[in-house]
Amino acid sequence: MFKSARMKKLKVITLDKYSDSLVNSLHESSIVQIYDISERIQEDAEWKQILKPSHATPFLGKISSLLMKTTGLADFLETVAQKDSGILTLAKGFVNPPRIEKRQVEDLTVNELLENAEDILDQVETKTTPLDEKLSELDS
């Protein structure tokens with residue numbers, strides 16, 4: 001009934017100056033799954049001689065912080081989510097999944113994107129923190 005698409009491996013090696021535009025183009029095409037092989041380069045002597053992993057960006061600390069916040073919020077929301085886990089609901093989800101609406105998004109610089117993400121996470125945190133504290137109080 002449901003068949004997954006046939007997949008093939010694709011290996012791409014590029015110069016650092018082209019990596020951002022390449023990754024953006026591949027991401028926008030929605031036909032490629034990208035893996036980071038920097039660990040493999042460090043472990044394999046042959047690869048280490050040929051390739052050097054790209055360097056960490058100055059935004060790495062900020063991104064890690066936002067990722068931790070996002071993970072914490074997602075964990076909290078998952079614990080309080082109402083779950084309709086009946087077999088009928090599951091079957092309906094496979095047969096007639098909800099349509100995902102595509103939205104036009106603007107291209108942002110890394111700084112603008114980080115600022116937007118931080119603002120959104122702050123807004124969500126201000127709403128969820130009191131609820132989390134109330135749940136913890138009720139649990140104890």
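**Helix packing and overall build in a predicted model**

Visitor: How do helix H4 and helix H6 pack?
Guide: Helix H4 (residues 60-80) packs against helix H6 (residues 110-139) at an angle of about 40°, and their axes are 10 Å apart. The axes are lines fitted to C-alpha atoms, for helices over the stretch in contact, with angles from 0 to 180 degrees between N-to-C directions. Helices here are DSSP runs (H or I, at least four residues; strands are E, at least two), numbered from the N terminus. Bear in mind that this is a predicted model: local features need pLDDT of at least 70, side-chain atom pairs count only at pLDDT 80 or more, and totals for chains, interfaces and linings use all residues. Residues are numbered from 1 along each chain as its sequence is written, and side-chain values use heavy atoms, with hydrogens and water left out.

Visitor: Left-handed or right-handed crossing, H4 over H6?
Guide: H4 passes H6 in a left-handed crossing. That label applies if the near helix is turned anticlockwise from the far one by less than a right angle; clockwise would be right-handed.

Visitor: Which residues meet there?
Guide: From H4, they include Leu66, Leu73, Phe76 and Leu77. On the H6 side, Leu121, Val124, Thr128 and Leu131 are among them. Contact means heavy atoms within 4.5 Å.

Visitor: And by class, what does the contact of H4 with H6 have?
Guide: The contact of H4 with H6 has 12 nonpolar, two polar and six charged residues. Ala, Val, Leu, Ile, Met, Phe, Trp, Tyr, Cys and Pro count as nonpolar, Asp, Glu, Lys and Arg as charged, and the others, Gly among them, as polar.

Visitor: Let's pick Thr128. Buried or exposed?
Guide: Thr128 sits in helix H6 and counts as buried because its relative accessibility is 9%. Buried is under 20% relative accessible area, exposed is over 50%, and partly exposed lies in between (1.4 Å probe, protein chains only).

Visitor: What does Thr128 touch?
Guide: Leaving out residues up to four places away in sequence, Thr128 touches Leu73, Phe76 and Leu77.

Visitor: Back in H4, why does Gly61 count as exposed?
Guide: Gly61, in helix H4, counts as exposed because its relative accessibility is 51%. Gly61 and Ile100 are 39 residues apart in sequence and 32 Å apart in space, C-alpha to C-alpha.

Visitor: Zooming out, what does the secondary structure of the protein chain come to?
Guide: Six helices and zero strands. The pattern along the sequence reads α-α-α-α-α-α. The chain is more spread out than a compact globule, because its radius of gyration is 21 Å, well over the 14 Å that the globule rule gives for 140 residues. The radius is taken over C-alpha atoms, and the rule is 2.2 Å times the number of residues to the power 0.38.

Visitor: What does the C-alpha trace span?
Guide: About 60 × 45 × 35 Å along its principal axes. Buried residues make up 6% of the 140 residues. Of the contacts between residues at least 6 apart in sequence, 64% join residues at least 24 apart.

Visitor: What pLDDT does the chain average?
Guide: It averages 82, and 91% of the residues score at least 70. pLDDT is the predictor's confidence in each residue, from 0 to 100.

Visitor: Which element has the lowest mean pLDDT?
Guide: Helix H5 (residues 87-95), with 76, while H6 has the highest, 90.

Visitor: OK, H5 then. Why does Ala91 count as partly exposed?
Guide: Ala91 is in helix H5, and it counts as partly exposed because its relative accessibility is 38%. Gly93 is found in helix H5 too, and Gly93 counts as partly exposed at 35%.

Visitor: Last one: where is Glu39?
Guide: Glu39 is in helix H2 (residues 38-43), and counts as exposed at 61% relative accessibility.
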